[in-house]
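New notebook page. I want to look through this structure piece by piece and jot down what turns up.

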Amino acid sequence: MIDAPPFLAPESALHLLRNACADSSWRVREVLEAEIVKEQPGRRRTLRYRVVAERNGCAAREVSWFAKHYRGSRGKRVFWLLRSLGALAPEVLAPEPIGFSPMLKLLVMSALEGSSLSETLGRSGDADSSVERAGRALALVHGAEIPQRAEYLKAHGPREEIVVLEEARRRASGSPLPTQWVCRFMELCSLVEDELARCEDQERGQALLHRDFHPGQVILPGDGIGEVGVLDWDDAALGESELDLGNLEAHLLLDDLQRRGSIRTAPRLIGALHSGYLARGGISFLRLATYRRAALLRLATLERLADPRISVLDWAELASALTEAAST
């Protein structure tokens, strides 16, 4: 990837943003601040910009934008999808795609204002209604018409989830975690892979999937009602809606374990999620359980989730608890 300085120094960043936004209604006048917020080596870099810009000849004002610098061609697909989402699911907010530079592989988009669902889960008073709103929003995404030029979106179903579990197996085998846990983990992986293989034999309709739907991706405006925002559509695909639901359920269980060391509030929140989703969509609970179990097993192999800044459990304890949750 290109070194960071051109993206951070005000003068060079101004040139890059003007290039990316040349075909948009925005004109960038000044870059006030730039920072890297996430780095995924070999894949993409996410940056936050505070700029002075004007739109459609109106007075210049200060705005915050995010930009993603891609290594490969994914940015073009994400730019297309973000431009399509407004018509496909207008009740679900997504970052506005401001501009994309094929040469730089740089996607510029607006920020979404509000608190993340992850932040809201720490405030128990409004967690249930927030999760229910997230369920309704997800059902709207899944119920949206598949966009034209859907060849931009790959299919992701049971077969692909088996591949994901194979990667999790490799991480588990190479981990320093206890042998007893590794054996139990491998046993459950085999059971879930068999379930996924049976799902593959039964064709079902495809929905637009987010495919990385977790509490950090859901933005809740401050009014407590109405639209819900969804971030980071990089992994969007076509597949079974239960995959997104199962992933969010697994993250609700993970959040409980990280915050409290045991599963206490997650079952109630999952009930609220179902309530919100079923108001707009349908669920195969058998398939949902399989995808949730697959997600839990994948999460159990990620050491970063046991960072003591976010988890009261160490990795061995968290991996054991997530694996146990996947066994039910």
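Below are my entries, from confidence through the sheets to a helix and a loop.

**Ground rules.** I'm working with a predicted model, where local features need pLDDT of at least 70, side-chain atom pairs count only at pLDDT 80 or more, and totals for chains, interfaces and linings use all residues. Residues are numbered from 1 along each chain as its sequence is written, and side-chain values use heavy atoms, with hydrogens and water left out.

**Confidence.** I checked pLDDT, the predictor's confidence in each residue from 0 to 100. The protein chain averages 92, and 95% of the residues score at least 70. Helix α1 (residues 5-8) has the lowest confidence, a mean of 84, while helix α11 (residues 315-326) has the highest, at 98. I took helices (H or I, at least four residues) and strands (E, at least two) as DSSP runs, numbered from the N terminus.

**The five-stranded sheet.** I traced an open sheet in the order β1-β2-β3-β6-β5, with antiparallel pairing; two strands pair if DSSP finds at least two bridges between them. At its edges I found β1 (26-40) and β5 (97-101), each pairing on one side only. From one strand to the next, the twist averages 20°. I then looked at β5 and β6 (residues 106-110), which are antiparallel and joined by 4 bridges. Phe 100 sits opposite Leu 107 of β6.

Helix α2 (residues 10-20) lies across β1, β2 (44-55), β5 and β6, and runs at about 100° to β1. Helix α3 (residues 74-88) also packs on the sheet, where it touches β2, β3 (61-70), β5 and β6, and its direction makes about 155° with that of β5. For these angles, axes are lines fitted to C-alpha atoms, for helices over the stretch in contact, and values run from 0 to 180 degrees between N-to-C directions.

**Aromatic pairs.** How many aromatic pairs does the whole structure hold? My search gave 3, with rings of Phe, Tyr and Trp (its six-membered ring) pairing if their centres lie within 6.5 Å; planes under 30 degrees apart are stacked, over 60 edge-to-face, the rest tilted. One of them is Trp 26 with Trp 65: the centres are 5.4 Å apart and the planes at 85°, so I call it edge-to-face. Trp 26 is in β1 and Trp 65 in β3, so the pair ties together parts 39 residues apart in sequence. Trp 26 is buried at 5%, and so is Trp 65 at 2%, where buried means under 20% relative accessible area, exposed over 50% and partly exposed in between (1.4 Å probe, protein chains only).

Phe 79 and Phe 100 make a stacked pair, with centres 5.9 Å apart and planes at 25°. Phe 79 belongs to helix α3 and Phe 100 to strand β5, 21 residues apart in sequence. Phe 79 is buried at 16% relative accessibility, and Phe 100 at 17%.

**The four-stranded sheet.** I found another open sheet, ordered β4-β10-β9-β7, with mixed pairing. β4 (92-93) and β7 (115-116) are at the edges with a single partner strand each, so one side of each has no neighbour in the sheet. β4 pairs with β10 (residues 228-230) in the parallel sense over 2 bridges. Val 92 has Val 228 in β10 as its bridge partner.

**Helix α9.** Which helices do the buried residues of α9 pack against? I noted α4 (117-121), α5 (127-143), α8 (241-260) and α10 (285-300). Among the buried residues of α9 are Leu 269, Ile 270 and Tyr 277.

**A loop glycine.** Is Gly 205 buried or exposed? I read it as exposed, at 61% relative accessibility. Gly 205 is in the loop between α7 (179-200) and β8 (207-209).

Notes. Contact = heavy atoms within 4.5 Å.
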